[in-house]
Amino acid sequence: MSYLLEGLNPEQRAAVTTTEGPLLVIAGAGSGKTRVIVHRIAYLLDQGLARPEQILAVTFTNKAALEMKERVHQLVPASRRRGELLISTFHSFCVRALRRHLDRFGGAYTRDFTIYDADDQGRLVKACLKELGLDDKKYPPRAMQYGISAAKNRGETPETLPPSSDPKRDALIKTFRLYERRLAAANALDFDDLLLLTVRLLRRFQDVADDYNDRFRYILIDEYQDTNPPQLNLARLLTQQRQNLCAVGDPDQSIYKFRAADIRNILDFERHYPKAKTIILAQNYRSTKTILDAANAVIRNNRARPNKDLATRNAAGEPIRCFVAANAEEEADFIVREIIAWQRRHEHLRPEETRAAILYRTNAQSRLFEEACRRRLLPYVLVGGFSFYERAEIKDALAYLRLLLNPHDDAAFDRVVNVPPRGVGKSTLEALAARAGADSVSRWTAMTRLLEEGGLSARALTGLTNFASLIASLQRLLDAARLADLVSAVVTRSGYADLLEQEGTLEAEGRKQNLEELVSAAAEADERGERLREFLDRAALVADTDDLVENARVTLMTIHSAKGLEFPLVFVAGLEEGLLPHARVAQDEDDLEEERRLFYVAVTRAKRQLYLTQAERRRVYGNEVATDPSRFLDEIPEALMTVQSGAGTAARRADDGRPSLKPPAKIGAQRLTKPKPAAAQGAGRDAPASAAGGLRVGDRVEHATYGAGQIVRVADGKLDIAFPGRGIKRFVAEAAPLTKIARK
DNA sequence: AAACCAGAGGTTTTT
DNA sequence: CCTCTGGTTT
């Protein structure tokens, strides 16, 4: 027996060794799903059933792909895996395929296409609305963007949509049509296109489809319950010959409907693949029995699902603790205090056995937890904040780079044509946009035409001429220079570096540092042998740059981001009607079931101890309103829980018989933490101490929302603080959620 | 072109 | 409440 099967239970073994034909693995939460996939890949290699390059494994995130690859490498000796093992997301896979074959279509698109991220997409939609003269109050761009994406994922094009007299519908179709035209003119693809065009490619060109079918003997897809229609099509097209598809997933964890994921894809697997074999992994290795019983009890309330209660041999463990706070601030503070106490109680354990997660439904909730952590000096990692690649200066530099490969990239063009300022003002930009629209060409082409024909102001003429020759001169570096040199040339020759230099502010300093980081990233890419193309593709597709998450002892994130992760200690916060389930979905039964699955995902992240918290009052747009406990709380058997409420909650008031307590002391009053005694000494600078808790110009501080910054001005009880990449912000000294950072 | 101010509007979730 | 946008001012 292969060493790869040791320590696996019979179902897991079957999932690893069933190597012929379609296989569906319904893997419950904590059932060792990733382990099974990793062992299966290793087994295929070990048994000589496939060489590495003949296997394609698809994961949901880039991070998951990386991790999976690493684990396979640990399991299989290097001698057994010559050749590239392809583990990637659907999107990355598609980019690879399109970079190779997109020319085949012969139309507007070429292999040099640009990827438009959600940001570029939003801008384009806005521009389209404007061009069509549609009021963006009446037709919110976001809704339009969503509508277009949804239509695309259903396989619609502007032409297949029936004309409608409904103005909303009509506006959507018109915008959709223009949007597609503008994308084509810019040789740009949005995230949806990446999948859709790959599907079209495989459908249209049999030889390409055959190539892929020949190459990939085995295909594995993780998180299959969250595939959307184009992804399903892709899977079917890639497996049409051999049908060696191993789909792994859990219908109870399908939580991406808003992104066009269709739970039926996994429920109908046996219909799509009549010869399919199904294996259910129902044994849970992760959670205590108490936590698992709660999860089972909750998910049982959903109708359409396979009957697969999870079982475990783990001990019952601690009861789930339910905490009702008077308001959201108290909720956050309670959680942070409990984390500190819990981790202190478990100090004897290895650090990774005391990792904690605070999970919430919406990103907006994160701020309170950040502030609470800062207040009590508890280090944390926030997942899903601004990533490096979302900073303005980074996007600017990337826009230049994008233009070098594809000058027709309108989004990039708009972004940098006048950054740094070169006399291309509003009216010139409008003239460019108008010309581009009229001729149905890119901004770049429109610019070229306008330059030839004249008719521009002298200033604009010089500005645009300079811009054009700048791009041209940088393009000459494409083949010669190393990536790092190229990036650094972009920063200097564009004048961006000088601009920041002149500014002389700390903010500009921070931006410069970020750009230097980008150059370092390029140098790393150089070492991996990557070209600009790959570098940009990675920047477009890699969303989570937070790899620190692994080592953090406290992680803050949305429930969606927590999928696939586990933590010994888990807090699910904001268990209120309107938040979880979210108010936007409460009417529709299907949507409600998705919210329940979301809650199920949250609960099943916990290994040892689970807390569920609710705030009785929560601020909504400024005013505090009373909340109702989430209906999901009622679905957990009382025997599994202990309930506790905070000071000042209604429950407590009733107990005391006191009419009402005043709301808990405003925590804002004590926000400004005094510098730590030993730390701030040493640098006895000249700046006068302010009235603001001993903060001086030059001090480094940590702000709850903006992160690390440096104080640049103290006056009138106000603080001006520079945040790298975010500019200078002014705060009322007394109220600012700040923590002083000790000097090194 | 930058800096300042007023007002509106916003909260799902993400490759 | 807080942030962003757009308009106005210099």
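Which polar backbone atom is 2.5 Å from a phosphate oxygen of DNA strand B? The atom belongs to Asn363. The model is predicted: local features need pLDDT of at least 70, side-chain atom pairs count only at pLDDT 80 or more, and totals for chains, interfaces and linings use all residues. Residues are numbered from 1 along each chain as its sequence is written, chains are lettered from A and ligands numbered from 1 in the order in which they are written, and side-chain values use heavy atoms, without hydrogens or water.

DNA strand B is surrounded by 23 residues, each with a heavy atom within 4 Å of the strand. The closest are Arg259, Arg361, Asn363, Arg584 and Tyr621. By class, this surface has 9 nonpolar, 9 polar and 5 charged residues. Here Ala, Val, Leu, Ile, Met, Phe, Trp, Tyr, Cys and Pro count as nonpolar, Asp, Glu, Lys and Arg as charged, and the others, Gly among them, as polar. On the DNA side, 43% of the atoms within 4 Å of the protein belong to sugar or phosphate, and the rest to bases. The side chain of Thr558 places an N or O atom 3.1 Å from a phosphate oxygen. For Arg259, a side-chain N or O atom is 3.4 Å from a sugar or linking oxygen.

Strand 6 covers residues 218–221. Strands (E, at least two residues) and helices (H or I, at least four) are DSSP runs, numbered from the N terminus. Tyr218 and Leu220 point one way from strand 6, and Ile219 and Ile221 the other way. In a regular strand, side chains alternate between the two faces of the sheet. All four residues are buried, that is, under 20% relative accessible area (1.4 Å probe, protein chains only).

Strand 6 pairs in the parallel sense with strand 2 (residues 55–59) over 4 bridges. Pairing requires at least two DSSP bridges between two strands. Val58 stands opposite Ile221 in strand 6. Strand 6 also runs parallel to strand 7 (residues 245–249), joined by 3 bridges. Ile219 stands opposite Leu245 in strand 7. From strand 6 the chain crosses through helix 10 (residues 229–238) to strand 7, in a right-handed β-α-β crossover. Right-handed denotes a clockwise path from the first strand over the helix to the second, with the strands pointing away from the viewer.

Thr613 lies in strand 14 (residues 606–620). Thr613 counts as buried because its relative accessibility is 1%. Its side chain makes a polar contact of 2.7 Å with that of Glu331. Such a contact is a pair of N or O atoms within 3.5 Å; within protein, one must be able to donate a hydrogen and the other to accept it, and residues adjacent in sequence count only if both atoms are side-chain atoms. Beyond its neighbours within four places in sequence, Thr613 is in contact (heavy atoms within 4.5 Å) with residues including Phe323, Phe334, Ile335 and Val572.

Conventions: Buried < 20%, exposed > 50% of the residue type's maximum accessible area, 1.4 Å probe, protein only.
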